Amino acid sequence: LLDLDEVWTASEWNAGAFASGGLPRFMIEVIPHCLDTDLYTDQTPRMNVPDARSFTFLNVVSNYNRKNAGQLLRAYFQAFSPEDDVSLVLKLPGETTPADIEKHIREPIRPFYDLDDPALPDVRLLPVSFSDEQMIQLYNGCDAFVTLERGKGWDLCAMQAMALGKTAISVNWSGNTEFMAPENSVLIEPLPRTVSVEPGEA
């Protein structure tokens, strides 16, 4: 990176991470993400997930390891019962395979939970590809956006859901704190420890 003229990043948190890694601060420009607010209005269509219950939590998984879907599922299963009128919708990458689901969704919740157990609250997996327009409709179809991601450069997904007036639930650490605060979000305090990740999946 020292051979570059500038490094652009979305948040002051990212800038601090680069600087603490040895990159001179004068090389770093912070350029936050933005949204076209014309796309996020009370006229935005809602996408309803088939067979989902009345209240839906939405999580968008693009990177299995860092997105921490297993921890989210465990927390959801502890908080709700099958009698509760809620669903957790996991939007997965369109190229997701059964092997991916086994490794990144089912295995992390074992031996405590089995995704197919009817005694657990409702979970809906969406391993499909959506256009940008469809993703906005998916955000608008949920009641709350939730993520326990281990680290964020920004969190555009939460920003998009919040632009549609949805409650956003996230961890109170890293780049998302640039725009998420106790006044506008539900923030969870993280544990003061690190976790290992597989090479290439950080």
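**View 1. Strand 4 and its neighbours in the sheet.** In strand 5, serine 87 has aspartate 122 as its bridge partner. Serine 87 is also the strand 4 bridge partner of threonine 56. This is a predicted model: local features need pLDDT of at least 70, side-chain atom pairs count only at pLDDT 80 or more, and totals for chains, interfaces and linings use all residues. Residues are numbered from 1 along each chain as its sequence is written, and side-chain values use heavy atoms, with hydrogens and water left out.

Strand 4 and strand 5 pair in the parallel sense over six bridges. Strand 3 and strand 4 (residues 86-92) also pair in the parallel sense, over six bridges. Two strands pair if DSSP finds at least two bridges between them. Helices (H or I, at least four residues) and strands (E, at least two) are DSSP runs, numbered from the N terminus. Phenylalanine 57 stands opposite leucine 88 in strand 4.

Seven of the seven residues of strand 4 are buried, so this strand is largely enclosed by the rest of the structure. Buried means under 20% relative accessible area, exposed over 50%, and partly exposed in between (1.4 Å probe, protein chains only). Both faces are covered. One side carries Val86, Leu88, Leu90 and Leu92; the other carries Ser87, Val89 and Lys91.

**View 2. Strand 3 beside strand 6.** Strand 3 is mostly covered, with five of its six residues buried. Strand 3 and strand 6 (residues 144-146) pair in the parallel sense over two bridges. Leucine 58 has phenylalanine 145 as its bridge partner in strand 6.

**View 3. The largest nonpolar core.** This core has 25 residues. Those with the most contacts inside it are Leu58, Val60, Leu138, Tyr139, Phe145, Phe179 and Met180. Strand 3 (55-60), helix 5 (132-141) and helix 6 (156-163) are the elements that give two or more residues to this core. Helix 6 gives the most, with five residues. Apart from this core lies another, of 24 residues, among them Leu72, Leu90, Leu115 and Val146. A nonpolar core is a set of buried Ala, Val, Leu, Ile, Met, Phe, Trp, Tyr and Cys residues joined through side-chain atoms within 4.5 Å. In soluble globular proteins, nonpolar side chains tend to be buried together.

**View 4. Helix 6 and its packing.** Six of the eight residues of helix 6 are buried. They are Cys157, Ala158, Met159, Gln160, Ala161 and Met162. These residues pack against strand 3, helix 5, strand 6 and strand 7 (167-171).

**View 5. Methionine 180, serine 170 and leucine 187.** Contact means heavy atoms within 4.5 Å. Neighbours within four places in sequence are left aside for methionine 180, which is in contact with Ala158, Met162, Ala168, Ser170, Ser185 and Leu187. Serine 170 sits in strand 7 and is buried, with a relative accessible area of 0%. Beyond four places in sequence, the contacts of serine 170 include Thr147, Lys152, Asp155, Asn176 and Met180. Leucine 187 lies in strand 8 (residues 186-188). Not counting residues up to four places away in sequence, leucine 187 touches Ser170, Val171, Asn172, Asn176, Met180, Ala181 and Pro182. Leucine 187 and leucine 148 are 39 residues apart in sequence and 9.9 Å apart in space, C-alpha to C-alpha.

**View 6. The second largest pocket.** This pocket has a volume of about 190 Å³. A pocket is an open set of points on a 1 Å grid over the protein atoms alone where a 1.4 Å probe fits, with protein on both sides within 12 Å along at least five of seven lines; lining residues have an atom within 4 Å of a point. The lining includes Phe57, Leu72, Tyr76, Leu88, Val146 and Ile188. Helix 3 (residues 69-79) gives the most to the lining, with four residues. The lining divides into eleven nonpolar, no polar and no charged residues.

View 7. Most residues other than glycine have a negative phi, and most peptide bonds are trans. Asparagine 68 has a positive phi of about 65°. Asparagine 68 lies in the loop between helix 2 (64-67) and helix 3 and is buried, at 12% relative accessible area. Aspartate 155 has a positive phi of about 90°. Aspartate 155 lies in the loop between strand 6 and helix 6 and is buried, at 9%. The peptide bond from arginine 110 to proline 111 is cis, with omega near 0°. Proline 111 belongs to the loop between helix 4 (98-106) and strand 5 (122-127).

How values were computed
Grid points are joined across faces, edges and corners, and a volume is the space filled by probe spheres set on the points. Ala, Val, Leu, Ile, Met, Phe, Trp, Tyr, Cys and Pro count as nonpolar, Asp, Glu, Lys and Arg as charged, and the others, Gly among them, as polar.
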